[in-house]
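Dear colleague,

Please find below the structure that I am handing over to you.

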Amino acid sequence: MTAYRAGFAALVGRPNAGKSTLTNALVGSKVAITSSKPQTTRHPIRGISNTESAQLILVDTPGLHKPRTLLGKRLNDVVRETLLDVDVIGFCLPADELIGPGDQFIARELAEIRRGRRRPIVAIATKIDTVNRDRVAQHLMAIDALGEWDDIVPCSATKDEQVDVVREVLMKHLPESPQLYPDDVITDEPQLVMIAELVREAALEGVRDEMPHSLAVVVEEMVPREGRAPGKELLDVRVNVYVERDSQKAIIIGRAGARLREVGTNARVEIERVLGQRVYLDLHVKIAKDWQRDPNQLSKLGF
């Protein structure tokens, strides 16, 4: 019999490389927010994938990037700290974009980690469904030339192409270990953090490119509604959405509050699915001027 394996894997890559979508595909459930906008992941979210022979605990990270703000520097620090504490690293490189300076920057960081603390590194060519076969082949050759990898795997998380292969390859690099989490656990992310992330995902849909960097969400209160009859329980969830400027507040709220209502409806559906009960979601949009550059504001917002 093959020995059971269990351990942690980090998916890294520049912003919008498909890390969160791949996390969700590997786990088979929505645990990391996905968005068409870059830089949406703020917290290391663990998703857990089980097979008969292994347990893979995925740690999703913010995209490594050249920081322009204090927030950006702190997000990069989160990534580096995470990489030193996992068993295998998956480096996501989207097939619909040429390898550029951002990928080269990350490849150099990973080479340093390999030299300092030996870690298996798997290069993952994501989004192969968006290009033709010739382009995929060119992309794989460019990845091979970019650095030293233990494996190179192409996949499409949205089309579920080769996701099982990615899972198997990551699992084979895990150490021999007893199972670390029960079978029915798919994430150890606190509920409040997950709710905040779901609200942030809903708020990001359809907004301008700069909004992801300027939007933070904090769950202020989550309490059961008093006096509800058995079987008709309702959870009151009060959430503050923080932006940096009046113009951004107007974007989130929309004309006569229409967009904020849409954000609330979409987020509530996902929150109820995660929590398994009815929710009354009370959203408020507030301004925290230049919070990305203010250490006090960053700490208040949980960064």
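Serine 49 has a relative accessibility of 4% and therefore counts as buried, the limit being under 20%. Please bear in mind throughout that this is a predicted model.

Serine 49 lies in strand 2, which covers residues 45–50. Its side chain makes a polar contact of 2.9 Å with the side chain of arginine 167. Leaving aside residues up to four places away in sequence, serine 49 touches Leu26, Ala54, Gln55, Leu56, Arg167 and Met171.

The axes of helix 1 (residues 19–27) and helix 5 (residues 163–172) come within 10 Å and cross at roughly 85°. Helix 1 is therefore roughly perpendicular to helix 5. On the side of helix 1, the contact is made by Leu22, Ala25 and Leu26; helix 5 contributes Val163, Val166, Arg167 and Leu170. By class, this contact of helix 1 with helix 5 has six nonpolar residues, one charged residue and no polar ones. Arginine 167, listed in this helix contact, is also the partner of serine 49 in the polar contact described above.

Finally, I turn to the cysteines. How many disulfides does the count come to? The count is zero. Cysteine 92 is in no disulfide, and the nearest cysteine sulfur, that of cysteine 155, is 7.0 Å away. Cysteine 155 is likewise in no disulfide, its nearest cysteine sulfur being that of cysteine 92. Cysteine 92 is buried, with a relative accessible area of 0%, and cysteine 155, at 1% relative accessibility, also counts as buried.

With kind regards

Note on methods: Residues are numbered from 1 along each chain as its sequence is written. This is a predicted model: local features need pLDDT of at least 70, side-chain atom pairs count only at pLDDT 80 or more; totals for chains, interfaces and linings use all residues. Side-chain values use heavy atoms; hydrogens and water are left out. Helices (H or I, at least four residues) and strands (E, at least two) are DSSP runs, numbered from the N terminus. Buried means under 20% relative accessible area, exposed over 50%, partly exposed in between (1.4 Å probe, protein chains only). A polar contact is a pair of N or O atoms within 3.5 Å; within protein, one must be able to donate a hydrogen and the other to accept it, and residues adjacent in sequence count only if both atoms are side-chain atoms. Contact means heavy atoms within 4.5 Å. Axes are lines fitted to C-alpha atoms, for helices over the stretch in contact, and angles run from 0 to 180 degrees between N-to-C directions. Angles under 35 degrees count as roughly parallel, over 145 as roughly antiparallel, 65 to 115 as roughly perpendicular and the rest as oblique. Ala, Val, Leu, Ile, Met, Phe, Trp, Tyr, Cys and Pro count as nonpolar, Asp, Glu, Lys and Arg as charged, and the others, Gly among them, as polar. A disulfide is a pair of cysteine sulfur atoms within 2.5 Å.
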